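Here's a quick tour of a fold, starting with how its strands pair up and then stepping back to the chain. Have the viewer open while you read.

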Amino acid sequence: MRKSVWERPRAWLVTALAMIAAVGILGSRRPELPGSLGVVCAELRVGMSQEEAVARIRAAYLSRERGWDNPRLYADGRTHDGRKFGHYFDWDFTDFPPADQVAWAEVDFDDDDSRDLIVTFGPGGVVSGIHFRSDSIWEEWRFALAR
């Protein structure tokens, strides 16, 4: 009696490898996000100083298309002396504490398409984490894989 194709161990292995390759190829590129959120997402890296990160965030805002792309910016954090801050910020970061005073901070960018980019600043204002959240699990997974 002859075994069917799917009962042979080699067929399962080939199928599994093909699926892994397909997922790897499709997921290897970070999704391109539209507007200012996409520019910020593409420009920021872990280890950047606060000054460099703020400069790139400002540039992303200034390069945005006028009239429709206006992500909101919310920050929450604490300074070394224990003072809390947490409110909506303007894109110039005028109310954001200087880097040497930041103990930790999280800046949350959200857009009209239910996407959030959360940038975490550690002691001294150094970017210590970048996390992307989306309603699309596929988009979120692709971003994490390409990071």
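Predicted model: local features only at pLDDT ≥ 70, side-chain atom pairs only at ≥ 80, totals over all residues.

How many bridges join strand β4 to β5, and which way do they run? Seven bridges link β4, residues 115-121, with β5, and the two strands run antiparallel.

Five strands make up an open sheet, and going across it you meet them in the order β2-β1-β3-β4-β5, with antiparallel pairing. At the edges sit β2 (84-88) and β5 (127-134), and each of these pairs on one side only. From one strand to the next, the twist averages 10°.

What pattern does the protein chain follow along the sequence? Reading along, you get α-α-α-β-β-β-β-β-α. That comes to four helices and five strands in the secondary structure.

| Property | Value |
|---|---|
| Residues counted as buried | 35% of 147 residues |
| Contacts with a separation of 6 or more that link residues 24 or more positions apart | 47% of those contacts |
| Accessible surface | about 9,100 Å² |
| Part of the accessible surface belonging to carbon and sulfur atoms | 57% of the accessible surface |

Key:
Residues numbered from 1 in each chain as written. Heavy atoms only, no water. Pairing = 2+ DSSP bridges. Axes fitted to C-alpha atoms, helices over the stretch in contact; angles between N-to-C directions. Buried < 20%, exposed > 50% of the residue type's maximum accessible area, 1.4 Å probe, protein only. Contact = heavy atoms within 4.5 Å. Areas by Shrake-Rupley, 256 points an atom, 1.4 Å probe, with all protein chains shown as cover.
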